[in-house]
Amino acid sequence: MNKVKSGTIVLLLTLSLYFLIMSESLSTTVIGPLIPAFINDFGLNVSQGGLVTLFQGIGGMAGVIIGYFLTSKFARQNLIITLYALYCITYMVMSFSGVYILMLILFFVVAGSTRMMEISLNAYVSDLNPTRRGLTINLLHGFFGIGALAGPLLSAAFISAGTQWHFVFRLLSICCAVFLLFFIVMQKTSSITDMPVSKDEPISVFILMKKPEVLKFCFLQMLFAGLAFGVSAWLPTYMINEFDIQSVVTGLPVAAFWIGVIVFRVGYSLFAGRFATRRIFVFFALCAGVIFAVAVFINHPIVYIISFVLIGFLCSPIVPLSIAELVSRYPKNAGTVSALIFFFLAAGQMLLPWLIGIVADHVNFYAVVVLLAIIPFAIALLSSRLPKGKEPLH
């Protein structure tokens, strides 16, 4: 087959990467609503069922660390193919598993391969589109959000239809394999199948972390993760306790938050090239903080739902634009930058919601939403200390 190098091929190759991350995030978020089925089928108590998320968390952290070293040693496209094939195989094996301990080990493998893939996907999209990093990485994260939002909806449909979780995992494995095949075909028809491996040494991560601007961007990821996953973890519980409403309604603000995230990331082309990253972060975060504070003051379920569409929209640039900004500053360290971002995201996801939960135990749940409302202001304050020297990202 003749290899063709053109803008169309790069576009299709990038689109195939978007489909990979969308299917990966969808298959990850499908799992949560299926945990009660695991508990029933394996005869577990609730705490034993919760081991799924523990093994996913440990696997994710391990995946970030291992992924950093792999991206500096192997070509990104080969890593993506290998890891995604492992991902598909693991889901297929899980669909036939009848032993819970084996399931936990497989969840660990899935989470680890997921984080390694995300690092490679972000770095590869950046490599493919060096003049449009901001736009293409935002779209990558937008497709991630679409999959993450669709996962629980598909789970609800499967559960309502009485579908067994074994069949769901089997179906996910087959669908992910189709997307992988599309990526392989696009890769083979392009003239960029042999993109060179980064020559960065593993120690470069420590050199990067000594740079103040890198640390500032990294701590912004912790704050965003604390906000996003703090809202997901605690706002539904707060609404049940505060307003005594149906549990199905309590998830609407969380869904609204992620809808806002998706809308910004897919519609980023409206902002691309017009404003510097620092200005976007500061202005958007301040607006999000004000909206959140007003919602907390009014303290009404409908206000929370409407507000969180806007808050999700305004806070969504943090991750993709941080990656794009750092890669534009350190283009030879794209894998390292992605690994750092995802490591601090994972750290924020693990630490901040837990710390906020301690506040709920010792004070009350209203203090939880007040603390969550402070996070956007903290993002704005830290963003104001970012360097001013870079041009707007396209």
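Analyst: Rings of Phe, Tyr and Trp (its six-membered ring) count as a pair if their centres lie within 6.5 Å; planes under 30 degrees apart are called stacked, over 60 edge-to-face, and the rest tilted. By this rule there are 23 aromatic pairs. The model is predicted, so local features need pLDDT of at least 70 and side-chain atom pairs count only at pLDDT 80 or more, while totals for chains, interfaces and linings use all residues. Residues are numbered from 1 along each chain as its sequence is written, and side-chain values use heavy atoms, with hydrogens and water left out.

One of the pairs is F257 with F308: the ring centres are 6.3 Å apart and the planes stand at 55 degrees, so the pair is tilted. This pair links distant parts of the chain, since F257 is in helix α12 (residues 252-266) and F308 is in helix α14 (residues 301-315), 51 residues apart. Helices here are DSSP runs (H or I, at least four residues), numbered from the N terminus.

F257 has a relative accessible area of 1%, so F257 is buried. F308, at 0%, is buried as well.

F283 and F284 form another tilted pair, with 6.2 Å centre to centre and 55 degrees between the planes. F283 is exposed because its relative accessible area is 54%, whereas F284 counts as buried at 8%.

Rings also gather in a group: F42, Y84, Y87, Y91, Y100, F107, W165 and F169 form one aromatic cluster. A charge can sit over a ring, which requires NZ of Lys or CZ of Arg within 6 Å of the ring centre and within 35 degrees of the ring normal. R170 lies over the face of F96 in this way, 4.4 Å from the ring centre.

Leaving out residues up to four places away in sequence, N299 touches Y238, E242, F243, Y304 and Y366, where contact means heavy atoms within 4.5 Å.

Notes. Helix = DSSP H or I, 4+ residues; strand = E, 2+ residues; numbered from the N terminus. Buried < 20%, exposed > 50% of the residue type's maximum accessible area, 1.4 Å probe, protein only.
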